[in-house]
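The following note sets out comments on the side-chain contacts of the structure shown below.

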Amino acid sequence: AQGAARGGDSMTTKRDATEALSASALWASDSPDDWRAALDAYAQRRDALNHEKLTKLDPWFFEQLTVDVRAREPPSMTAEELVNMVDWKMSRGKVRPNLLNYAKAHSESTVKDATRDAIARLRSASRTEDIPKALEPVVKLKGVGPATASAVLACADDSVPFMCDDLIAVALGNLPSSVRYSESSFVELCDAARRKGRKVGLTASEVERAIFSAACLDKKPKAGTAGGAKKRKR
């Protein structure tokens, strides 16, 4: 839950559910109301995809894992959390079973040390350009690339967005696969999400969720529910 829309009912977005913005249209907007409307609809649109694993793991990631990681001193992640996080990441995009196997192979101490060092570097980074230094300890783990590492950092700090395909598409465009998930692309993505967030009054993490919410309007729900085959209203 992201809280009530700002400014009261009369000041919320003038668009109703049939006029909700696509991800690209939302990215082009600098209206705080447009962004708040998308963010407020996040859980409902996510659950409408009828993706059982996403419905289960997404609240865990944003409502439990972030709290648990930040509550530790120093902040870090357990081996089990890394496995579940990789499972969550795949529920948000493409499924790559080998990534889960790699994650399961890492020891408790390896994961704890790598995530602790990454988060510490992030918190001492004064510029967006310093983010690759924070990624470094985690991307050294076998099977962990910048996209997975971005989720580790996003757990610890709302100023970092998860490197999701939908945000990449609207913020960076149709990048070649060879550079789409690179460290340099992540730096650009962080900078773009932070700049947009400052304009619309959201954190970079909230910007990512709002874009995913908008993108859900064009995603095909999984079969299995009565309304799953119907085109959702915009």
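**Notes on side-chain contacts**

1. Asp-113 and Arg-116 are joined by a salt bridge in which the closest N and O atoms are 3.2 Å apart. The model under review is a predicted one. Both residues of this pair belong to helix H7 (residues 108-124), where they are 3 residues apart, about one turn of the helix. Asp-113 is partly exposed, at a relative accessible area of 33%, and Arg-116 is likewise partly exposed, at 28%.

2. Helix H7 also contributes to a bridge between helices. Glu-136 and Arg-121 meet through their side chains in a salt bridge of 3.1 Å, N to O. Because Glu-136 lies in helix H8 (residues 131-139) and Arg-121 in helix H7, this pair ties together parts that are 15 residues apart in sequence. The relative accessible area of Glu-136 is 36%, so this residue is partly exposed; Arg-121, at 35%, also counts as partly exposed.

3. A further salt bridge pairs Asp-58 with Arg-46, with 3.1 Å between the closest N and O atoms. Asp-58 is in helix H4 (residues 52-71) and Arg-46 in helix H3 (residues 42-47), and the pair thus links distant parts of the chain, 12 residues apart. Are these two residues buried or exposed? Both Asp-58 and Arg-46 are buried.

4. The Asp-58 and Arg-46 pair should be read together with its surroundings. Arg-46, Asp-47, Asp-58, Arg-92 and Glu-208 are linked in a network of salt bridges. Over the whole structure, the search finds 15 salt bridges. Arg-92, a member of the network, also lies over the face of Phe-212, at 3.9 Å from the ring centre.

5. Together with Tyr-42, Phe-61, Phe-62, Trp-88 and Phe-162, Phe-212 forms one aromatic cluster. The count of aromatic pairs comes to 7. In one of them, the ring centres of Phe-61 and Phe-62 are 4.9 Å apart and the ring planes stand at 85 degrees, so the pair is edge-to-face; the angle is over the 60 degrees required for that class. Phe-61 counts as buried at 0% relative accessibility, and Phe-62 counts as buried at 17%.

6. Trp-88 and Phe-162 form a tilted aromatic pair, with 4.7 Å from centre to centre and 55 degrees between the planes. This pair links distant parts of the chain, 74 residues apart: Trp-88 is in helix H5 (residues 79-91), whereas Phe-162 is in the loop between helix H9 (146-156) and helix H10 (165-172). Trp-88 counts as buried at 0% relative accessibility, as does Phe-162 at 5%.

7. What are the residues with the most contacts inside the largest nonpolar core? They are Trp-35, Phe-61 and Met-85, in a core of 70 residues. In soluble globular proteins, nonpolar side chains tend to be buried together. Phe-61 is therefore both one of these core residues and, at 0% relative accessibility, a buried one. Leaving aside neighbours within four places in sequence, Met-85 is in contact with Trp-60, Phe-61, Leu-65, Met-77, Thr-148, Ala-151 and Val-152.

8. How many disulfides does the model contain? The count comes to 0. Cys-216 is in no disulfide, and the nearest cysteine sulfur, that of Cys-164, is 9.7 Å away, whereas a disulfide would need the two sulfur atoms within 2.5 Å. Cys-216 counts as buried, at 0% relative accessibility. Cys-190 is also buried, with a relative accessible area of 0%.

9. A last point concerns Asp-191, which is placed in helix H12 (residues 183-200). Asp-191 is partly exposed, its relative accessible area being 31%. The C-alpha atoms of Asp-191 and Ala-171 are separated by 9.8 Å, the two residues being 20 residues apart along the chain.

Notes:
Residues are numbered from 1 along each chain as its sequence is written. This is a predicted model: local features need pLDDT of at least 70, side-chain atom pairs count only at pLDDT 80 or more; totals for chains, interfaces and linings use all residues. Side-chain values use heavy atoms; hydrogens and water are left out. Rings of Phe, Tyr and Trp (its six-membered ring) pair if their centres lie within 6.5 Å; planes under 30 degrees apart count as stacked, over 60 as edge-to-face and the rest as tilted. Buried means under 20% relative accessible area, exposed over 50%, partly exposed in between (1.4 Å probe, protein chains only). Helices (H or I, at least four residues) and strands (E, at least two) are DSSP runs, numbered from the N terminus. A charge sits over a ring if NZ of Lys or CZ of Arg is within 6 Å of the ring centre and within 35 degrees of the ring normal. A nonpolar core is a set of buried Ala, Val, Leu, Ile, Met, Phe, Trp, Tyr and Cys residues joined through side-chain atoms within 4.5 Å. Contact means heavy atoms within 4.5 Å. A salt bridge is a side-chain nitrogen of Lys or Arg within 4 Å of a carboxyl oxygen of Asp or Glu.
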